[in-house]
Structure formats: C-alpha cells, structure tokens
Amino acid sequence: MITKPNLKDIAVRTLQIEADSLKGLINFIDDNFVQCVHTIYESKGRVIVSGIGKSAIVASKIVATLNSTGTPAIFMHAADAIHGDLGIIQKDDVVILISKSGNTPEIKVLVPLLRQAGNQLIGMAGNIDSYLAKNVELILNTSVEKEACPHNLAPTSSSIAQMAIGDALAVCLLELRGFTSDDFARYHPGGALGKRLYLRVADIISYNPIPKVALDSDLKTVILEISAKRLGATAVMQNDRLAGLITDGDLRRMMEKDFDLKNIKAADIMTANPKYVHSDTLAVDALHTMKQHNITQLLVMDGEKLAGFVHLHDLVREGII
C-alpha cells in the first residue's frame with residue numbers, strides 16, 4: 001500500500017526553505033548592490049531585463065514592477081535576443097541578465113555582444129563563479145542553499161530570490177526618485193489601487209440622476225421622486241439653492257409618528273443641514289464619510305450649487321471598496 005504524503009507538511013517545508021533563502025539574501029546587499037541601483041538611476045536610457053526559462057518569467061515580472069514604480073524598463077527574452085531582438089537595446093540602456101546557473105548558452109552569446117555595444121551590464125546569478133558573474137561589470141548575487149523541490153532541481157527558491165532582489169532594486173529606485181502615491185496613481189489608472197488615489201466624486205456622479213423636490217412639495221411627490229431616481233433620497237430645493245435632504249429613512253421615521261400625512265410638506269421632514277462632499281473630493285474620502293456617519297448616499301456640491309449624488313453602490317462599482 002502506498003502511503004499518501006502529508007501535504008500540509010510539504011507545503012510548510014516548501015515555505016520554510018524559501019523563507020530561509022530570502023533571509024540569506026540580506027547578506028548579499030552590499031556596496032555592489034548599491035552601485036547597481038545608482039547605475040540604473042543615473043542612466044539616461046531604459047533598463048532591459050533578459051533571461052531564459054524560469055528566469056525569463058522573473059525578468060518579465062521585474063520589468064512590470066520597474067515600469068509601475070517610475071523606472072522605464074523593457075523585457076527581452078534571451079533566446080529572441082540572439083535572433084533579432086537585440087535591436088530593442090539602445091546605447092544608453094542598462095541591461096540586466098538573469099540566470100540561475102550563469103552558464104546558459106544564450107547568456108554566453110549575449111554577453112560579448114552587449115559588451116561590444118558598450119552597454120552597462122548587470123548580472124543576476126545564483127553562481128558567482130559562473131561565466132555571467134565573471135564577465136559583467138556588476139553582479140547581483142541570488143545564490144540559495146537549496147531549492148524547495150525535493151530533488152533540488154525545479155527552480156523554486158532560486159526564482160523567489162531573483163524576484164526578491166528585483167523588488168529590492170525597484171523599491172530603492174522608487175525612493176531615490178521620490179516616487180509618490182500620486183505618481184503611482186498615474187501609472188495605475190485602471191486598477192482599484194489607482195482609483196483610490198485619483199478618482200473623484202465628480203468623475204462618477206454623472207451616472208446618477210439628481211432627485212429633487214421643492215420645499216412645499218407634498219408627501220406623494222417626495223415618495224415618487226425618491227422611488228423614481230432610486231438613490232434612497234431626494235434633495236429639497238428652495239428656488240435653485242439646496243435647502244435640505246429627505247432620505248427613505250426619514251420617511252420611515254415619519255410614518256412611525258402621529259402625523260397628518262395629508263398636510264405633510266417636504267420642509268416638515270427634511271434634514272436642513274445634510275452631509276455633503278465637494279465635487280473634487282476623492283471617492284475614497286467620500287466612502288470614509290459614508291462609513292463615519294453610517295449613510296449610503298451623499299450630496300455633492302460644486303461651490304453652492306448642487307452637482308449631484310454619490311451612492312455607496314457607485315463606489316462598489318468602481319472598485320473603491
């Protein structure tokens with residue numbers, strides 16, 4: 001009978017090996033690493049990151065991280081590079097070559113070509129005695145004691161190490177450039193994180209109609225307006241100026257009291273000083289106001305003019321929550 005492996009133990013062992021590998025990288029953060037950061041920071045060109053196999057996948061991720069944090073970068077597959085893609089590289093570009101062994105055939109072809117072109121080369125290798133490590137100006141050491149793979153073959157710890165050093169480079173460059181949350185939003189306009197940093201209520205209130213009634217509107221008119229516009233509230237206007245707000249909660253509370261409903265007017269049940277935000281308020285700040293006051297909609301004002309309503313559903317739709 002075959003004994004089934006303990007999957008929890010395997011998972012924990014894998015994570016422990018990889019965690020230990022990451023801790024070991026701390027010993028490789030030296031003056032050489034700092035010089036790599038400055039070389040990229042001071043370059044007038046871009047960062048070209050290349051690798052083969054799993055290292056190519058890591059290279060692609062590093063490029064994405066660099067681009068999103070203010071360092072222009074391009075991914076170039078090492079195999080494609082020696083079949084025409086070397087034309088991507090310009091004279092001022094810094095090239096990072098990633099290889100676990102540092103001895104792959106593609107790397108051995110690329111290094112002499114890039115040195116001849118005069119580009120500054122940074123190697124990222126798990127073997128500091130390799131061809132790559134000995135033939136570049138700067139080397140990033142990503143050596144690991146062992147892979148998490150039980151046969152010590154499948155790139156696991158080594159891939160994590162490469163990715164982590166790439167992140168360390170990106171964050172150092174980010175801080176050197178003074179990269180801010182506003183910069184992040186510009187590079188991530190379509191994501192939820194970016195929207196939290198740039199989306200304003202003025203950008204979303206156009207989705208909603210503006211429910212409004214006059215001060216002397218009767219109860220039926222108020223109920224029909226709230227029902228028709230489907231925002232759970234209506235503004236109460238005096239001429240063209242905001243006088244107050246009536247919510248469906250106000251209607252329920254009124255029904256619990258002993259009122260002569262025939263004579264009720266909007267002015268009798270409205271909140272005279274309702275909560276509101278300005279049109280240039282960030283959507284995430286509008287959400288904070290809603291949570292603080294336990295409400296689901298807010299009036300939006302443009303100066304003294306009613307610009308519209310923002311509802312909790314709008315923020316959910318935009319991915320703010």
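A pocket here is an open set of grid points with protein on both sides within 12 Å along at least five of seven lines, and its lining residues have an atom within 4 Å of a point. With that in hand, let's walk through this predicted model, starting with one of its pockets.

The second largest pocket is lined by Arg 241, Leu 242, Ala 243, Gly 244, Ala 272, Asn 273, Pro 274, Tyr 276, His 278, Met 301, Gly 303 and Glu 304. Two elements, strand 8 and strand 9 (276-278), each give two or more residues to this lining, and strand 8 gives the most, with 4 residues. By class, you will find 6 nonpolar, 4 polar and 2 charged residues around the second largest pocket, whose volume is about 220 Å³.

Now follow strand 8 (241-247) to the largest pocket, where both this strand and helix 11 supply at least two residues of the lining. The largest pocket holds about 320 Å³ of space. Its lining counts 17 residues, and Leu 245, Thr 247, Arg 253, Ile 295 and Gln 297 are the closest to the centre. Helix 11 gives the most here, with 5 residues. The lining of the largest pocket divides into 3 nonpolar, 9 polar and 5 charged residues.

Helix 11 (248-255) also leads us on to a loop, the one between this helix and helix 12 (266-269), where Phe 259 is found. Phe 259 has a relative accessible area of 41%, so it counts as partly exposed.

How values were computed:
Residues numbered from 1 in each chain as written. Predicted model: local features only at pLDDT ≥ 70, side-chain atom pairs only at ≥ 80, totals over all residues. Heavy atoms only, no water. Buried < 20%, exposed > 50% of the residue type's maximum accessible area, 1.4 Å probe, protein only. 1 Å grid on protein atoms, 1.4 Å probe; cavity = no way out; pocket = protein on both sides within 12 Å on 5 of 7 lines; lining within 4 Å. Points joined across faces, edges and corners; volume = space filled by probe spheres on them. Nonpolar A, V, L, I, M, F, W, Y, C, P; charged D, E, K, R; others polar.
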